[in-house]
Amino acid sequence: MFSYTQVTLSESSAVGALEFNGTAHLNKLKVFRLGGNNINNIHSSILQQLVSLEALDLSENQLDSMDWLSLTGLTKLNNLYLDGNRLVEVSTCRFSKCVTF
């Protein structure tokens, strides 16, 4: 079985809600690039399983809200890119260690 540490799906024409099965196999994933798509929602169950994640790029999508609690278990997350979305508010009090917003 493969153990990926980086996945790039930037500008892959993903539209709507990001939802897929098999994230349990991505528990060693450190970098997840999803920028430049038309993602408007990310199901919290996806993020909660990415326990080794250090960088998450959700820039240039269509996000207008986010379940900030789904990020609290990502204790290794250092970089979170949200620019270019429709987000009005980012709740930084939900993060234990994020340093780049």
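These notebook entries record what I looked up in the predicted model.

**Basis.** I worked from a predicted model in which local features need pLDDT of at least 70, side-chain atom pairs count only at pLDDT 80 or more, and totals for chains, interfaces and linings use all residues. Residues are numbered from 1 along each chain as its sequence is written, and side-chain values use heavy atoms, with hydrogens and water left out.

**Sheet.** I looked up the strands (DSSP runs of E, at least two residues, numbered from the N terminus). An open sheet is formed by 4 strands in the order 1-3-5-6, with parallel pairing; two strands pair if DSSP finds at least two bridges between them. Strand 1 (6-8) and strand 6 (79-81) are the edges, each pairing on one side only.

**Strands 3 and 5.** I found that strand 3 is joined to strand 5 (residues 55-57) by 3 bridges, and the two run parallel. F32 has L56 as its bridge partner in strand 5.

For L53, leaving aside neighbours within four places in sequence, I noted contacts (heavy atoms within 4.5 Å) with L29, K30, V31, F32, L74, K76 and L77.

**N37.** I located N37 in the loop between strand 3 (31-33) and strand 4. N37 counts as buried because its relative accessibility is 3%, the limit being under 20% relative accessible area (1.4 Å probe, protein chains only). The N37 side chain reaches the backbone oxygen of G35 at 3.4 Å.

Conventions: Buried means under 20% relative accessible area, exposed over 50%, partly exposed in between (1.4 Å probe, protein chains only). A polar contact is a pair of N or O atoms within 3.5 Å; within protein, one must be able to donate a hydrogen and the other to accept it, and residues adjacent in sequence count only if both atoms are side-chain atoms.
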